[in-house]
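Good morning. I have one structure to go through today, and I will keep it short. Please have a look at it before I start.

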Amino acid sequence: MTVDPNAATQNFPPPGPASRRPGAATYLVPALVAGAVALGLGVYGNVHDPEGTAFNLAGFSSTSAVKSWLATTAMGFAVVQLVSALMLYGRIPGPSWSGVLHRWSGRIAFLVAVPVAVHCLYALGYQTYEPRVLWHSVLGCFFFGAFSAKMLLLRSERLPGWVLPIVGGLVFSALTVVWLTSALWFFRTFGVTT
């Protein structure tokens, strides 16, 4: 069987320009949004008078225990995010549904992290009285800014293959340090309590 190179294609779109690179706005808009989110959270936390408590759940001894367990849950789902991302990029073998796992673990991690951030901002504010607390405040704001940038970059087309892993790695790293400086510190200081 021979193929006629001049035959009409089957409604395939015409070839576009060869590998167009994304414009500056593709990177600039997410970076500006990330900066605005991080700065906005930091400014709000700094100018807001801390209320001391934002919420409490029955069965927990304190709001700090609630916050620590929610943060630990978010961190657990973030680890699932990391592993599923490694599956998606072919670094480790994984099931065909690793993309679904990645999306849903990210959604759950974010939804669980939001009440923690609300508690931190509303009840405690942006604090800098010791290095652990300073890192927690700075990277907590950075986490939500970097997460915003990642969500915007997901919708961009023709990104270089390294962009999302780098931004995702920054999000994961920030959340890890936030967890280390809060939940892990709480569990080591007060014990693993509810």
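I will go from the overall fold to the cysteines and then to one serine.

Keep in mind that this is a predicted model. The secondary structure comes to five helices and zero strands. Along the sequence, the pattern reads α-α-α-α-α.

Now the contacts. If we take pairs of residues at least 6 apart in sequence, 74% of their contacts join residues at least 24 apart.

The protein has 194 residues, and 34% of them count as buried.

Next, the cysteines. How many disulfides does a search of the whole structure find? The search finds zero. Take Cys-120: the nearest cysteine sulfur belongs to Cys-141 and is 9.5 Å away.

Cys-120 has 15% relative accessibility, so Cys-120 counts as buried. Cys-141 is at 8%, and therefore counts as buried too.

Last, the serine. Ser-182 sits in helix H5, which covers residues 163–190. Its relative accessible area is 10%, so Ser-182 is buried. What does the side chain of Ser-182 reach? It reaches the backbone oxygen of Val-178, at 2.7 Å.

That is where I stop.

How values were computed:
Residues numbered from 1 in each chain as written. Predicted model: local features only at pLDDT ≥ 70, side-chain atom pairs only at ≥ 80, totals over all residues. Heavy atoms only, no water. Disulfide = S-S within 2.5 Å. Buried < 20%, exposed > 50% of the residue type's maximum accessible area, 1.4 Å probe, protein only. Helix = DSSP H or I, 4+ residues; strand = E, 2+ residues; numbered from the N terminus. Polar contact = N/O pair within 3.5 Å; in protein donor to acceptor, adjacent residues only side chain to side chain. Contact = heavy atoms within 4.5 Å.
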